[in-house]
Amino acid sequence: MADDATRKAVSEIPLLKTNSGPRDKELWVQRLREEYLALIKYVENNKAADNDWFRLESNKEGTRWFGKCWYIHDLLKYEFDIEFDIPVTYPATAPEVAIPELDGKTAKMYRGGKICLTDHFKPLWARNVPKFGLAHLIALGLGPWLAVEVPDLISKGLITHREQQGS
């Protein structure tokens, strides 16, 4: 399923230990700490490999996440806002990442710009609860989705680079 580079990148993301969601007050703080440490490690690894492609931050409670991701195609950078909420049944249920500005532009998306991860990512997530966290969601969900969908949307003329929008 995944190529060697993806396997290597994911193997370097720390696995999480705390099986806790937002409803578990004290344990959620511990889980959130593990989430941040895994995200920091993933970002550090990406930067070391010259593969920096997203920024992510959360609200104070760690239940609402937002940021930016980008994809380089033909030496042009396409940047998108991303957002997601942590489900109350997390980590048993994976968050649904949304890219609102692409809403309605591809069949591989649900209402509100939520990217489709049902066929490939969700079974993988389910087999790895509670070890997988947000860094895994980004690496194995959002990253591959962008790699497939963005070039397709560009080739169909459904998204254009911001420098080409004015001409």
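A residue is called buried when its relative accessible area is under 20%, exposed when it is over 50%, and partly exposed in between. Keep that in mind for the views below, which all come from a predicted model.

**View 1. Arginine 64, a residue that is partly exposed.**
Arginine 64 has a relative accessible area of 30%, and because that value falls between 20% and 50%, it gets the in-between label. You'll find arginine 64 in strand β2, which covers residues 64–73. Leaving out residues up to four places away in sequence, arginine 64 touches Glu57, Ser58, Asn59, Glu83, Phe84 and Asp85. With one of these, aspartate 85, there is a polar contact from side chain to side chain at 2.8 Å. Look for proline 87 too: it sits 23 residues from arginine 64 along the chain, and their C-alpha atoms are separated by 9.6 Å.

**View 2. The largest pocket and its lining.**
This pocket holds about 570 Å³ of space. Its lining is made of 22 residues, and Tyr42, Asn46, Asn51, Trp53 and Gly143 are the ones nearest the centre. Which elements each supply at least two lining residues? They are α1 (4–11), α2 (25–48), β2 and α4 (134–155). Helix α4 gives the most, with 5 residues. Sort the lining by type and you get 12 nonpolar, 5 polar and 5 charged residues.

**View 3. Glutamate 149, tucked into the buried class.**
Is glutamate 149 buried or exposed? Its relative accessibility is 3%, so it counts as buried. Not counting residues up to four places away in sequence, glutamate 149 touches Thr106 and Lys108.

Proline 91 belongs to the loop between β3 (76–85) and β4 (109–110).

**View 4. Aspartate 50 and leucine 75, with positive phi angles.**
Neither of these residues is a glycine, yet phi is about 55° at aspartate 50 and about 65° at leucine 75. Where is aspartate 50? Check the loop between α2 and β1 (54–58). Leucine 75 is in a loop as well, the one between β2 and β3. Aspartate 50 has 75% relative accessibility, so it counts as exposed. Leucine 75, at 83%, counts as exposed too.

**View 5. Zooming back out to the chain, with its 5 helices and 5 strands.**
Read from the N terminus, the elements go α-α-β-β-β-β-β-α-α-α. The radius of gyration is 16 Å, close to the 15 Å that the globule rule gives for 167 residues, so the chain is as compact as a globular protein of that length. Along the principal axes, the C-alpha atoms fill a box of roughly 55 × 35 × 30 Å. Of the 167 residues, 43% count as buried. As for contacts between residues at least 6 apart in sequence, 51% join residues at least 24 apart.

Definitions and conventions
Residues numbered from 1 in each chain as written. Predicted model: local features only at pLDDT ≥ 70, side-chain atom pairs only at ≥ 80, totals over all residues. Heavy atoms only, no water. Helix = DSSP H or I, 4+ residues; strand = E, 2+ residues; numbered from the N terminus. Buried < 20%, exposed > 50% of the residue type's maximum accessible area, 1.4 Å probe, protein only. Contact = heavy atoms within 4.5 Å. Polar contact = N/O pair within 3.5 Å; in protein donor to acceptor, adjacent residues only side chain to side chain. 1 Å grid on protein atoms, 1.4 Å probe; cavity = no way out; pocket = protein on both sides within 12 Å on 5 of 7 lines; lining within 4 Å. Points joined across faces, edges and corners; volume = space filled by probe spheres on them. Nonpolar A, V, L, I, M, F, W, Y, C, P; charged D, E, K, R; others polar. Rg over C-alpha atoms; globule rule 2.2 N^0.38 Å.
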